[in-house]
Amino acid sequence: MKTILATTALLTMGLSSAALAEIRLGASISATGPAAFLGDPEAKTLEMLVEALNAAGGINGEDVKLVMYDDGGDPNKARTFATRLVEDDEVVAIIGGTSTGTSMSILAIAEDAEIPFISLAGAIDIIDPVKPYTFKTPHTDRMACQKIFEDMKAQGYTKIGMISGTDGFGASMQAQCKSVVADYGIEIVADETYDPKDADMTAQLTKIRNAPGVQAVLNPGFGQGPSIVTRNYKQLDIGLPFYQSHGVASDGFIQLAGAEAAEGVRLPGTALLVADLLAEDDVQKPVVTAYKAAFEAKTGTPVGTFGGYAHDAFLILTDAIARAGSSEPAAIRDAIEATSGLAGTTGVYTFSSTDHLGLDLSAFRMLEIRGGKWTLVE
Amino acid sequence: MKMTPKTATLLVLAALIALTPFFFPSGYYYRVGALLFVNGIAVTGMVILTGYAGQISLGHAGFAGIGAYACALAPVHWGLHPALAVILGAAISAILAFLVGRPILRLKGYYLGVATLGLGILVAMVLNNERQLTGGPDGMAVPELGLRALLKGWGLTLSNGEFWYFFCGLVLLVGAWLALNLYASPTGRALRALHGSEVAARTVGIDVARLKLQAFVISAVYASVSGSLLALQNKFVTPDVAGFMHSIEMVTMAVLGGVGSVLGAIFGAGILTLLPQVLTVFAEYEQMVLGLVMVLVMIFLREGLLPSVLRKFRGKDE
């Protein structure tokens, strides 16, 4: 009996010390379901980064274990998985929430449990008002609007038309753009919408073309809708400057719309899309090229902005754990908030107690499509 | 003394709810349990509609959506207490079911399925598109119910997970009790007669149209309450709760477990709530496994899992 007890005690000690020697991180990503085109590259990115990090010796000599669940884009499932990560898997931090809905669900759990949470979703509500344990890596819709309007103002446009998708992304960006447009002395003279599943948007575009004095057109949207709008725009030969949102900042957009129709389209994108065009002394150049090379070698598919969000979340988190020298959630939180000048693929992050996004407008680069390729607008 | 099936069902259910927490290794299991009970409530409604009255609905998530959004909207816009919002949601669901039920329930089979499907999708579309009111696809926050704080005031401190586990369990017990009472009542017998043969039921003087409508309204209230409980425990709601997939889930749970029996349907809800949690390792195959289970049950255990298995055991006893 004594030997059994002793063995059990030894075994338990062995197990618990083994468990202590690893840092457990959690993730709830929408790798399947309607948001899969966002979640899938995010999940692959996280898996790839954990593998690379452990191969390089982990953080401060401790291996990282990533517990990742697929919430299918359902906020109810995301909440269950977040509970599981906190209560059952006992992770020290959570990455995830591919969409705004899933992020808001996870956020509530993370804040209750006082565990750092880095969201990969766009909406400003996630970090405004600032919540102690919640951070996010993607820039907000409002910043994309500001970047676009900044460019329009520089070009001297004062009257524009807008055609927006009615999906979450398009509708949210439409609202944000309308709220900041006046700051740039620009007036929206035509405001049209389309359903993301529509196959033809010529009616709305004709209406915009007929609006008096319209000088440029903006299309906040996501998925395949903007490609169809771009094709229709060319077919109608509207000829006015055309702006897309960061929602379609990927090579897939040029392929879907066709290089000819997409010629001259401008949009705010991240450094990741133009990795080769970045100046040698650009602080983002090394991290962007490294991630692009690794991801493309691993998956055989081109990198996109969304995988980049997951990359940056992981980078911020591991950087914070290394600096904190501890895997206590509270210490990690403090270290994340103290992050300063950390170059990611999306931008250069500097967090503070009043800013849990950490990016400014410089994170966006104004891009233009020329001959089926992305070019930087200076 | 021989126990009636009703008492037996309720005792089994109560014992399961009360005793399983002793085996929970962590707080996460309370969350899964609470979800199971919420689904169980909706599925009990399906038993009344489909199991008793023999009518199908592919749109009950629409009523869950109404219940859920009542808890989100009424407190924010009219300052109503969340507990009253649950009742308001149930009332709106009942009225809507009453108004659309009469024309819809004239249809049979596939046509009834498609009409109810349309109803559910309409509710989801309204929730998605009325952005200024519902927050659109991004969803909106739901206020705290406040009951947990009240219990704390009385000296009963429960964690969030524990509270929702026992609260939803209690509501499920009440729901099951009502459904079982209905089964044995004259109305329940009339419903079952209607299920057996509408023509025969009519010839013995049963008001078929009224009864179908009653079953539809009652099951809508069950769905609405389950939606409310889901919204209140999540403290956040998106239009997914009213989505097509949620409707299908409800029907699948009921049919899988055994749509003719309350305990069987709740058992089905349990399986379909737990499977995705167990199958996280094979998340990519989850849909496939669920489909396979469904097909096998349909072919080999046509009454649903629980009733078929119970019959087998009883057969051996005799």
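## Exercises on a predicted two-chain model

Of the 318 residues of chain B, 48% count as buried (20 or more other C-beta atoms within 10 Å of the residue's own, with C-beta atoms placed from the backbone). This is a predicted model: local features need pLDDT of at least 70, side-chain atom pairs count only at pLDDT 80 or more, and totals for chains, interfaces and linings use all residues. Residues are numbered from 1 along each chain as its sequence is written, and chains are lettered from A in the order in which they are written.

**Exercise 1.** Describe the make-up and overall dimensions of chain B.

*Solution.*
- Step 1: chain B has 15 helices and two strands (DSSP runs, H or I of at least four residues for helices and E of at least two for strands, numbered from the N terminus).
- Step 2: the radius of gyration of chain B is 19 Å, close to the 20 Å from the globule rule for 318 residues, so chain B is as compact as a globular protein of that length. The radius is taken over C-alpha atoms, and the rule is 2.2 Å times the number of residues to the power 0.38.
- Step 3: the C-alpha trace of chain B spans about 50 × 45 × 45 Å along its principal axes.

**Exercise 2.** Compare two annotated stretches of chain B, residues 82-100 and 254-275.

*Solution.*
- Step 1: an unreviewed UniProt entry lists both under "transmembrane region"; such annotations may be inferred rather than shown by experiment.
- Step 2: residues 82-100 of chain B are 100% helix and 0% strand, with end C-alpha atoms 27 Å apart.
- Step 3: residues 254-275 of chain B are 82% helix and 0% strand, with end C-alpha atoms 15 Å apart.

**Exercise 3.** Work out which parts of chain A touch chain B.

*Solution.*
- Step 1: the contact takes 23 residues from chain A and 20 residues from chain B (C-beta atoms, placed from the backbone, within 7 Å).
- Step 2: on the chain A side, β2 (63-70), α3 (75-88), α4 (100-113) and α6 (168-180) each supply at least two residues.
- Step 3: α3(A) gives the largest share, eight residues.
- Step 4: this side of chain A divides into six nonpolar, ten polar and seven charged residues. Ala, Val, Leu, Ile, Met, Phe, Trp, Tyr, Cys and Pro count as nonpolar, Asp, Glu, Lys and Arg as charged, and the others, Gly among them, as polar.

Methods:
Buried ≥ 20, exposed ≤ 12 C-beta atoms within 10 Å, placed from the backbone. Contact = placed C-beta atoms within 7 Å.
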